[in-house]
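This report covers a sheet, the helices packed on that sheet, and a nonpolar core.

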Amino acid sequence: MLDETIVTETPPLYSCYGRRGEQVEVPITGNRAKRILHEAINIGSGDALLLITHEWVQETHQAFQAMIRRHWRGWNVVLFEDRGSPHTAGDSRTLARELGIEVRLLPKATPELNAMDQLWRHVKGQVLASRPTRTIDQSADDACQFILNMSRRERLRKAGVLSGNFWLAKWTQLSKNFL
């Protein structure tokens, strides 16, 4: 599974604590800095690969495809991706074929099918939500470190892969025989 998420300088307000009757202050700087976190996760083993970029365009996606091929060299890589324009760009599809990466596009508007979307939800809720941003780079690093500090099994659990309802559950059971 592959997906990206955007980390912005102004955190989302998922929850916040304060004294009863007093409004909680969340500093908003007006800056619009952002970082794009790219992640691919092996839904069989829980191994993860991360990249932080300043923008999400086909060139950054293609650089990530090359990283994936180097990381999982020798593997038959099948990437499940959403239909974001960098994923569907002709040059990205061509590079994937040249790298020996098989791409499967998920149906439109189905984030529940992408395990990465489920994992990002946990990362944003536990690492980035309702906290002032020290620096955008620090926030992006914190999010990546949170994922890397998880065990492989915990990554799969948070991504929903280990639930009995995961749509590729049958495949993940079969793949464990080959890992």
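## Basis of the model

Helices (H or I, at least four residues) and strands (E, at least two) are DSSP runs, numbered from the N terminus. The model is predicted: local features need pLDDT of at least 70, side-chain atom pairs count only at pLDDT 80 or more, and totals for chains, interfaces and linings use all residues. Residues are numbered from 1 along each chain as its sequence is written, and side-chain values use heavy atoms, with hydrogens and water left out.

## The sheet

Three strands form an open sheet in the order β1-β2-β3, with antiparallel pairing (two strands pair if DSSP finds at least two bridges between them). At the edges are β1 (2-8) and β3 (48-53), each of which pairs on one side only. Six bridges join β2 and β3; in β3, Ala-48 is the bridge partner of Ile-41.

Helix α1 (residues 58-71) packs on the sheet and touches β1, β2 and β3. Helix α4 also packs on the sheet, touching β1, β2 and β3.

## The core

The largest nonpolar core has 26 residues. Such a core is a set of buried Ala, Val, Leu, Ile, Met, Phe, Trp, Tyr and Cys residues joined through side-chain atoms within 4.5 Å, where buried means under 20% relative accessible area (1.4 Å probe, protein chains only). Among the members that touch the most others are Ile-41 and Trp-120. Helix α4 gives the largest share, seven residues.

## Ala-143

Ala-143 lies in helix α5 and is buried, with a relative accessible area of 0%. Its C-alpha atom is separated by 9.0 Å from that of Trp-120.

Conventions. Buried means under 20% relative accessible area, exposed over 50%, partly exposed in between (1.4 Å probe, protein chains only). Contact means heavy atoms within 4.5 Å. Axes are lines fitted to C-alpha atoms, for helices over the stretch in contact, and angles run from 0 to 180 degrees between N-to-C directions.
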